[in-house]
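Please look over the sequence and the structure shown below before reading on. The report that follows takes the contact between the chains, then the charged pairs, then a pair of packed helices.

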Amino acid sequence: MTSGTDRSNELIAAVSTAAEAGTALCIRGGASKAFYGRSPTGEPLDVAGHRGIVSYEPTELVLTARAGTRLRAIEAELRKADQMMPFEPPHFSGGRATLGGAIATGLSGPARPWTGSARDFVLGIRLINGRGEHLRFGGEVMKNVAGYDIARLATGSLGMLGVLTEISLKVLPRPAATATRTLELPAEQGFAQVEEAYCAGAPVTAAMHDGERLYIRLGGTQGAVDAGLERLGGDHLGDADAFWTGLRDHTLPFFLAAGPPLWRISLPPQTPPPRLPGTRILDWNGQTAWHRTEADAASVFAATAECGGHATLFRGGPRDANVFQPLPHANRRLHEHIKAAFDPGHICNPGRMYEGL
Amino acid sequence: MVQIYRDEDCRFDVERERLIQRLGEVLATDDLLVEHEQLRPYECDGLSGYRVLPKVAVIPHTVDQVHQILAICHDLEVPVVTRGAGTSLSAGSLPHPQGVLLSMARFNRILELDPERRLAKVEPGVRNLAVSEAAAPHGLYYAPDPSSQIACSIGGNVAENAGGVHCLKYGLTVHNVVAATLITIDGETITLGGESLDAPGLDLLAAIHGSEGMLGVITDITVKLLPHPPVRSVLLASFNDVERAGTAVAAIIAAGIIPAGLEMMDGPAIQAAEDFVHAGYPTDAEAILIGEFDGNAGEVADQVEEVSTLLERHGAIEVRVARDDAEKARFWAGRKAAFPAVGRISPDYYCMDGTIPRKHLAHVLQRMRELSGEYGLPVVNVFHAGDGNLHPLVLYDGNVPGEFERTEELGGRILELCVEVGGTVTGEHGVGMEKINQMCVQFPAAEIEQFHALKAAFDPKGLLNPGKAIPTLNRCAEFGAMHVHHGQLPHPEIPRF
């Protein structure tokens, strides 16, 4: 079912030329996540034109698409066969977001704690490394332990290992039934109830707390959802899809309102978020806090580390210092060696993740 | 037979006496094995066709000793092969003739089990099944269940990214481990992953899964635990041809149902299993499917009803739903005993591990039948049908001169067939030493070079498990399968012979 445009040769040529000249490249798909990571530097390398679904067979549960393919196009194709990308990749701005950007950032939506993350569903990639070599890792099968898992290593690597050109994903059936309920409960108590319901077999696929009430989504067979709803009680939420998409894409009022920079704080299970000034909402059954605060980066990193988690300056605020939790020394050194193994000339998205990488 | 270690894998210059003296400074006599007869039990793992004696074997008690052993080996430039329970089916923990065999067997404690947060922190030598056993009183379990789970260790599971029969729904080891501590060969301690649902930086935790002991030594692992599903149902469907069974699997997936497990066995496998455990399998069937469905009561009832209808519509001659726990156990017993059952009907068997896109099943089975005829060696098939992972068992007699070599060659042809249809040479058993040549078929030189570069980022001296998992380009050139692009061999500066 190949469709779209194959621009891989142009991309290889562009990376090879940049490698020879030592020109830094800023890899760009739909630019929907241009706000993410440290300040981009280098010549823009546009991947959005390299697009199209290369193969999709619903009964194999595998979809392969070029990196510039828009998430919307993939979602529309999957929907025809009642399937989905279970990690619910965020789009963030209208329809521009691409598969390449989704995998390069490795971000996952509200279903993540129960269905898995972007990297969990990546089966294979094609990547142009910093030497201009077009390489293929992983494949289109569910189980594959031939060679190191570079496909998953590249997921969330923010382009520091090279230019993603093609991605194969495991996809799954959409649940036959979904329903969302709200419960007037404090966060801690609400999340504990979600965990209890999940352990009793309720097909939980999202749970967030907006400071006032708990929102919980179930998705599965009709019988499973009905049984879960009976157990949970609460109030039915109308237009639930819009709510969860708004949470995924940051179009809820909490995100849109003018105000302090947005931090993403990732936490161990059942761990209260760090005490910081500002406002917050909680997703992932409490394992992610979206926090808007004027607190300086050093104090956010320190307070989060104390809780056993890590923080990301997600949107807004100074982007020239650390936006991701600083790495311990030995880990940082290993990152330098891995960067050199893929991109010795430091031309692929240099400094986007950490300074000097 | 696959050439085991090549000259370039044995480039080390090891002074045995000096090595023993240095190791003796950090290990008690009982923990440092140097005599021939002491080393003999370590000469092979689960793939006993490959045997090599290490220079020495060490069995440390503490993480600090592991640090010191690695520091000594780094300093003296001695290869290190790490071993868990020694159940590898690909000779992944085959010792190196110039090296130290590092057994992690004594790291067998569950350090923490937190039922509230559904996490368990364990040492790498803990057996897979022991985690689920410890979690069971809390209504929890650890999902990956490789068939060797009674014996295999969690450390080995991470090294091989072990699978099992429930992967399609619950994932592989990589999907169920949240954190690990890695010691690098130069003695650094690095925490990979964490208790939160992601970690800053590159996903090194993913990279370590399936890395076959080539990147570092793992000293602890944190796994997530899942609640036991309230209801579990098992059904058995029989078919009078394999292709119909394959089509039925596709129909189940197309209907939006992801079974907890979905296994297929072909006629000879059914017969062997039935003779062995009397599971009540229909021995006149050409194929059976065993399907497991779990979840809450409503969900399971919905699914079993829909799947039964689908199976009948796609030509199942019989569909049986287990009526009680005893019958569920019986349905599974034959599948779980398939390997020993085959062991009863043949002096030896050789287990393959290719994975294919499921749609090519009929073609691949047909080609395997032809190859089986060509080599005069019977092939019996058990198959993780849900995820396309094949386990053909080649029956042979190791006492017949030349038969193991022919078996290996047939095995190689089967793996090449898997690659040809877009699959992989190994789904869950690892490359190890066994499939090292077939890696040259699956990967062009540039990819192989990139693998070596990643390895060098962790282990610049190439001391960890040398000669395994990723072939040298020389090996590939000699194997004759080097991919040639535009009529030019890549890296012409490398000598080939």
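## The interface of the two chains

Contact here means that heavy atoms lie within 4.5 Å, and by that rule 70 residues of chain A are in contact with 83 residues of chain B. The model is a predicted one, in which local features need pLDDT of at least 70 and side-chain atom pairs count only at pLDDT 80 or more, while totals for chains, interfaces and linings use all residues. Residues are numbered from 1 along each chain as its sequence is written, chains are lettered from A in the order in which they are written, and side-chain values use heavy atoms, with hydrogens and water left out.

The area buried between chain A and chain B is about 6100 Å², with carbon and sulfur atoms giving 60% of it; buried area is the accessible area (1.4 Å probe) that two parts lose on being put together, summed over both. Of the area that chain A buries against chain B, 16% is supplied by Lys143(A), Val145(A) and Tyr148(A), more than by any other three residues.

## Salt bridges between the chains

A salt bridge is counted when a side-chain nitrogen of Lys or Arg is within 4 Å of a carboxyl oxygen of Asp or Glu. The rule finds 47 salt bridges over all chains, and eight across the interface of chain A and chain B.

Arg119(A) forms a salt bridge with Asp203(B), where the closest N and O atoms are 2.8 Å apart. Lys143(A) forms a salt bridge with Glu428(B), the closest N and O atoms being 3.0 Å apart. This second pair runs from the loop between β7 (134-138) and α6 (150-154) of chain A, which holds Lys143(A), to the loop between α14 (403-420) and α15 (436-442) of chain B, which holds Glu428(B); helices (H or I, at least four residues) and strands (E, at least two) are DSSP runs, numbered from the N terminus.

## Two packed helices in chain B

Helix α8 (residues 242-254) and helix α10 (residues 297-313), both of chain B, pack at an angle of about 145° with their axes 9 Å apart, the axes being lines fitted to C-alpha atoms over the stretch in contact and the angles running from 0 to 180 degrees between N-to-C directions. The contact is made by Ala248(B), Ala251(B) and Ile252(B) of α8(B) together with Val307(B), Leu310(B) and Leu311(B) of α10(B).
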